[in-house]
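Welcome to this tour. Please open the model in your viewer, keep the selection tool handy, and follow along stop by stop.

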Amino acid sequence: MTNAASSIRDVKHGRRTRVSRKASSLALHIVLIIGGLVSLFPLYWMVVAGTRPSSDIYSAPPALTPGSALLANLSRLFDGTTFASNMAVSVAVAVLYTVFAGLVSAMAGFALAKYTFRGRQALLTVIIITMTIPFQVTLVPLFELMTSLGWVNSLQAVVLPFSFNAFGIFFMRQSFLAFPSELIEAARIDGAGDFRIFYRIALPAIRPALAVLGLLLFMFQWNSFLWPLLVLTEPSMYTAPVFLATLVGLGQTDYGVLLLGTAIATLPTMILFLVFQRHFVSGILAGAIK
Amino acid sequence: MTLTKSPVGTSTPPSSRSGGSSSHRKRRPSRRQLIFLAPALVLFLVFQAYPIARSLLLSFQTRVDGKLVWAGLHQYERLFSDPNFGLALGNTLLILVVQVPLMLSIALILAVALRSTYVKLKTGFRLIYFLPAVTALLAYAIVFRTLLNGDSSVANQLLASIGVGPIDWLGDPFWARVSLVAAITWRWTGYNMVIFLAGLSSIDPSVREAAAMDGASAIQAFRSITLPLLRPVILFTVTTSTIGALQLFDESYILTGGGPAGSTLTIVLYLYRTAFKSLDFGYASAMAYVLVLIVMVIAVIQMRILRTKDDE
């Protein structure tokens, strides 16, 4: 009797939890979908606005579907403004920075991981402290330095000052620590020089970490705004973000052109992300590891 | 907790030290090693160490008839009596106190939801929530500005369809701050969610299973198991978000230009104007050093908390 009663209760209970499970699953999905729409809408609208004439941006009802002004906007953006050259500058500084700062970081990280020498610990401490100092403190003296070197409006003014990337060096050191020193010794016995060992053996061994570092550096430079805003004063030398910022300030903004330019300026990082998703996530977590 | 204990940390694996120790004693820096370090060292000295030191000097100087002269603590005293700096500091702290907890709560809830067994299409949701984090910083500020600006903006028209508004998003001091917080939260929530997801996946599932067997409800298990185990990760996100918020510039420069009436003026925006619009380098340097001080204090607090946790 008691057994039968309890088993009936169990069945009822089981049905109730199944129903409540379904209900909470549905509720959860609704919340997640609304969140997803909030997440996607600004990006979707950016693309839509780029295909519409400026007057549509504040039209009623709001223009929420792609329009037919894409070609007109493209031609005004590329023929009527310096945008093409600004994108070229952006790509140039981002690529130069990624390669240069990446190489500097890898070399220093290799030395810090694989050579023992006096002062190594002190150097590491300095690097870790540097990571916590906000870069804004260097702006005024760096700007003076750029002016006195005559580097204003040059690519090196954008690329060089932040090529010492403390996080990059630290990250590279951590990656090289896991690389077996026996391989280096073996190569040395075979007569390979330090550069050959670095370039031919050590670097290829940490290729995944290099990819992560490359992404981080590229994103950093691509997103950089305050520094380029200071050292680039010639409109054709602006990076894409600096150019777009000048459009925002204008009294009569051509919104179609502005948002098309904004969408185009977002493309490189979007594409990199979609291609290298896994590396992006490990890049963020590498930041978490520090 | 693989996430916070870095695999190599501060200890050097024995291999790098003992490898071939018979033939290689601890060496003095040879020329070869210096060549590997030289580019980083030169860049560090010229573009980091020198500006940091020079900025400190500048903060104790003032310009008289175009010449820099010693001014003692004059610039720092000015900071205390400058209403604009007070405003910038207050705004930054206000944004920080509201935005960081808001964003991290949403990020944590999303991360927990995306690990729930009820949820389908997890990868799809994760991708969608992360997309804002790869939008160029300036791009999203521009998009939000155009979405919010004016009575007939898309945001106001959408609100009007449910009978609300119009709201003067960028022109009213209160709503301008709300807009700034909303924009930053949109950009960075998915980023922090990814960090939380990694933290959650490093929690041994058997701990939670044991709690479930003991009859703990999902909320109980979350509060007494997940949250404590996630503490180092949460602390990390709090610190990085706080330091990020203290250095806010791009968003308030584009979205509101610091206005209206200075309601979204941030420390770095004010620093930028002082240095590069008013050309008051000494004063701007003093401001920068106050920022350094605040960030350093936060970094030290973080290290302290992590250490006490390790001691337990």
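Helices (DSSP runs of H or I, at least four residues) and strands (DSSP runs of E, at least two) are numbered from the N terminus. With that in hand, select chain B: its secondary structure comes to 13 helices and 2 strands.

A word on what you are viewing. Residues are numbered from 1 along each chain as its sequence is written, while chains are lettered from A and ligands numbered from 1 in the order in which they are written. This is a predicted model, in which local features need pLDDT of at least 70, side-chain atom pairs count only at pLDDT 80 or more, and totals for chains, interfaces and linings use all residues.

**Stop 1: the hairpin of chain B**

Select residues 61-64 and 67-70 of chain B. These are strands β1 and β2, which pair in the antiparallel sense over 4 bridges; pairing requires at least two DSSP bridges between the strands. Opposite B:T62 you will find B:V69 in β2(B). The hairpin has 2 residues between the strands, and B:D65 takes a positive phi near 50° there.

**Stop 2: an enclosed helix**

Now pick residues 267-276 of chain B, helix α12. Is this helix mostly buried or exposed? A residue is buried if 20 or more other C-beta atoms, placed from the backbone, lie within 10 Å of its own, exposed if 12 or fewer, and partly exposed in between. In α12(B), 8 of the 10 residues are buried, so the helix is largely enclosed by the rest of the structure. Among them are B:I267, B:L271 and B:T274. In chain B as a whole, 37% of the 312 residues are buried.

Next, click on B:M287. Leaving aside residues up to four places away in sequence, B:M287 touches B:L79, B:F85, B:I267, B:Y270, B:L271 and B:T274. Contact here requires C-beta atoms, placed from the backbone, within 7 Å.

**Stop 3: chain A**

Switch to chain A, which has 14 helices and 0 strands. Its radius of gyration (taken over C-alpha atoms) is 27 Å, well over the 19 Å that the globule rule gives for 290 residues, so chain A is more spread out than a compact globule. That rule is 2.2 Å times the number of residues to the power 0.38. Along its principal axes, the C-alpha trace of chain A spans about 85 × 65 × 35 Å. Buried residues account for 42% of the 290 in this chain.

Colour residues 2-71 and 77-289 of chain A separately: they are domain 1 and domain 2, with bounds from an automatic or database domain assignment. Their C-alpha centres lie 37 Å apart. Where the two touch, domain 1 of chain A gives 9 residues and domain 2 of chain A gives 7.

**Stop 4: where the chains meet**

Show both chains together. Their contact takes 78 residues from chain A and 85 from chain B. On the chain A side, helix α1 (residues 2-50) gives the most, with 15 residues.
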